[in-house]
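Open the model in your viewer and keep the selection panel at hand. We will go stop by stop.

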Amino acid sequence: MQNLLDMFVEPFNRLREQFAAVVGPLFAMMVILIVGGAAAFLIRQLVYRLLVAAKFDRMVDDTGTANTILRTRVFRSPSDFGARLVQSMIWLLVVLMALYAGGQMTQGLVERFISYIPAIITATLVLILGSAISKFLARSTLLAAVNAQWSGARLIAGGVRVLIMFLTVVIALEELQIGRTALLIAFAILFGGIVLGGSVAFGLGARDFVRDWLREKATHPKGEEEDILHHL
Amino acid sequence: MDTFLSEDLKKSLAEIGEADIVVGIPSYNNARTIGHVVRAASAGLAQYFSNYRCVILNSDGGSKDNTRDVVLQSEHDVSSLLLVSSHKVNPIQRVSSPYVGLPGKGSAFRAVFAAACQLKAKACVVVDSDLRSIAPHWIELLAKPVLDRNMDFIAPYYQRHKYDGTITNGIIYPMTRSLFGKRIRQPIGGDFGFSGRLAQRYLEKDVWETDVARFGIDIWMTLTAAAEDFQVGQSYLGAKLHDAKDPGADLSNMFRQVVGSIFALMETYEPVWKNVQGSAAVPMFGFPFEVGVEPIAVNVERMIKAYAQGVNDLREIYGGFLSPATREELVACAAKSGDEFRFPDPLWVRVIYEFAVAHRNRAIDRGHLMQSLVPLYMGRTASFVIEMRDAGPLEVEERIDQLAAVFEQEKPYLMERWGASPQKEQSHAKPA
């Protein structure tokens, strides 16, 4: 009789134990997320007020990066950006704590994530730096080309930006160890293709341009139509 | 101050002791022309300042063409040039030394300022080493107002071709006038006279690692004197002809160093220029006379093309800091070509003021900002050339005055836009 009873009770016990094993950590996760989220929100408010009081906006304005922050249209001001950055970091910490509290299954996830963090940080930095460099160099190219009165100045500048961004993405993905070989081959094919395509296009497409340019040089020697303004 | 002078120069100055007048000549590979400048300076000092203790100081940037030898060896006895032998002339000391610091005219001038202070000079004159039109009376006209009329700074006043000095006529002169209320016609002339007191003040500034050390020195000297209430005047020197070699031949660099310097000085002297209204003439010395000027060729079509391309290709860049109304007008101007093309004064003034505000706010990299002004300047210059094609010198001068008046009228617009951004820390805003 007892055995029969055990047969019925045992599954319920196991279910209760399993339920307790899941609900406990789940509850802990929920509590951590709610309390952590609230703490992150409060800390954001506090950091924002501190930054405003410390005239952080003006300091950032002096470095010339305020406009970049405002142009994202996500942040109201550099102080807002700073406060949200702190909030995001606290959120990340809270999520990791919550996952850690979630038992063995999620603990493994956290450990894998933590070991991956250096690669993510490096790749993010590479992307940010690459994006800034590509923008700066593209603008330098555009201005130099416009002031030299080259036609297709925007195309040249756009090409510079695309090339640098492509290179940046390849480096970032390489850092994340995603599709290493495929990326390397794709890059080699693409880069080789661009060089070859450019050479062929220039050879065929710019034939008339080169001919006209040489004719112009032959008939109008250098300096004949140059301005001799002394601008200063 | 000691660190601004090379060891050789310190030793030479110690041997000289004291001087009343120092004539500074910056140079870099000017062997071909500097001899003439040194002779003219020597003759000027002998003729007009025979009772003064005078020093000619060549501040050289490491010339490879014997510039310094030419300075030291060119004719010392100038009495034959002057046709005067009756009066006693104090011997004129000559020193040539490499300067220390960043390569550029500004570093060369810093050595002159430091030498003038060490020698306790009452007056200083600086003249370019590539001048072909310098005459002995230039030294008198630049130094005498300082010695006899208590002036602190004397700017040159040249007769120039109507198309010559378009950055001066279109930006630097009107800006100097509207910002500081002083009508200094050639603020970046390059040949100046100034007092020992002002040389001392220049040395106190911490600008020698900036563009001032290169080719922004001229506008910096003028604006510092004007903004800090030193006594400013100008002397009529006739025509300015100089060697074809121009160290700032690249327009983008010129804009960065000269126009960029004036924009940077607007931040330094913000409390000063915000309180200035209108403008007044400054004392004029010398006797104005008509001179022939060298003809200048201008390719207007190419300039208009450069303008149109700039307005089209740089629209995103301009969108970052120019107002929508200004951008619309720029596009409308680009639609016209040939003799129809015009760049109206109010638009040009707004462009310059909006660029000044963008420079202050660091809306984009400052080098890029200055580069993006070049096509618009081309358009403005083309418009000026078309308008003034048949005009005489007087008419051209009136036209430039008219533009300067618009700069003054539109100053409230500048202040309004400037005030919309946070204020910067001020430095060097008060005289010592």
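Which order do the strands take in the open sheet of eight strands in chain B? The order is β3-β2-β1-β4-β7-β5-β8-β10, with mixed pairing. Two strands pair if DSSP finds at least two bridges between them. Helices (H or I, at least four residues) and strands (E, at least two) are DSSP runs, numbered from the N terminus.

Before you click further, note that this is a predicted model, where local features need pLDDT of at least 70, side-chain atom pairs count only at pLDDT 80 or more, and totals for chains, interfaces and linings use all residues. Residues are numbered from 1 along each chain as its sequence is written, while chains are lettered from A and ligands numbered from 1 in the order in which they are written.

**Stop 1: the sheet of chain B**

Now pick β1 (residues 21-27) and β4 (residues 123-126) of chain B. These two pair in the parallel sense, over four bridges. Ile21(B) stands opposite Ala123(B) in β4(B).

Two residues are in contact if their C-beta atoms, placed from the backbone, lie within 7 Å.

**Stop 2: two domains of chain B**

Colour 2-285 of chain B as domain 1 and 300-419 as domain 2. These bounds come from an automatic or database domain assignment. The C-alpha centres of the two domains of chain B lie 30 Å apart. Across the boundary, 23 residues of domain 1 of chain B are in contact with 25 residues of domain 2 of chain B.

Highlight α7 (166-180) and α10 (251-268) of chain B. Each supplies at least two residues of the side of domain 1 of chain B that touches domain 2 of chain B. That side of domain 1 divides into ten nonpolar, eight polar and five charged residues. Here Ala, Val, Leu, Ile, Met, Phe, Trp, Tyr, Cys and Pro count as nonpolar, Asp, Glu, Lys and Arg as charged, and the others, Gly among them, as polar.

**Stop 3**

Show α12 (300-313) and α14 (residues 324-334) of chain B. Their axes come within 9 Å and cross at roughly 140 degrees. Axes are lines fitted to C-alpha atoms, for helices over the stretch in contact, and angles run from 0 to 180 degrees between N-to-C directions. α12(B) and α14(B) are therefore oblique to each other. Angles under 35 degrees count as roughly parallel, over 145 as roughly antiparallel, 65 to 115 as roughly perpendicular and the rest as oblique.

Display side chains. Tyr307(B), Ala308(B) and Val311(B) in α12(B) meet Leu330(B), Val331(B) and Ala334(B) in α14(B). This contact has six nonpolar, no polar and no charged residues.

**Stop 3: where the chains meet**

Show both chains. 32 residues of chain B are in contact with 21 residues of chain A. On the chain B side, α7, α10, α12 and α16 (366-387) give two or more residues each. By class, that side has 16 nonpolar, eleven polar and five charged residues.

**Stop 4: helices of chain A**

Select α1 (residues 2-53) and α4 (residues 78-101) of chain A. They pack at about 165 degrees, with their axes 8 Å apart. α1(A) and α4(A) are therefore roughly antiparallel. Their contact divides into 21 nonpolar, five polar and three charged residues.

Finish on α5 (residues 104-147) and α6 (residues 153-175) of chain A. The angle is about 170 degrees, and the axes are 8 Å apart. α5(A) and α6(A) are therefore roughly antiparallel. The contact has 18 nonpolar, seven polar and four charged residues.
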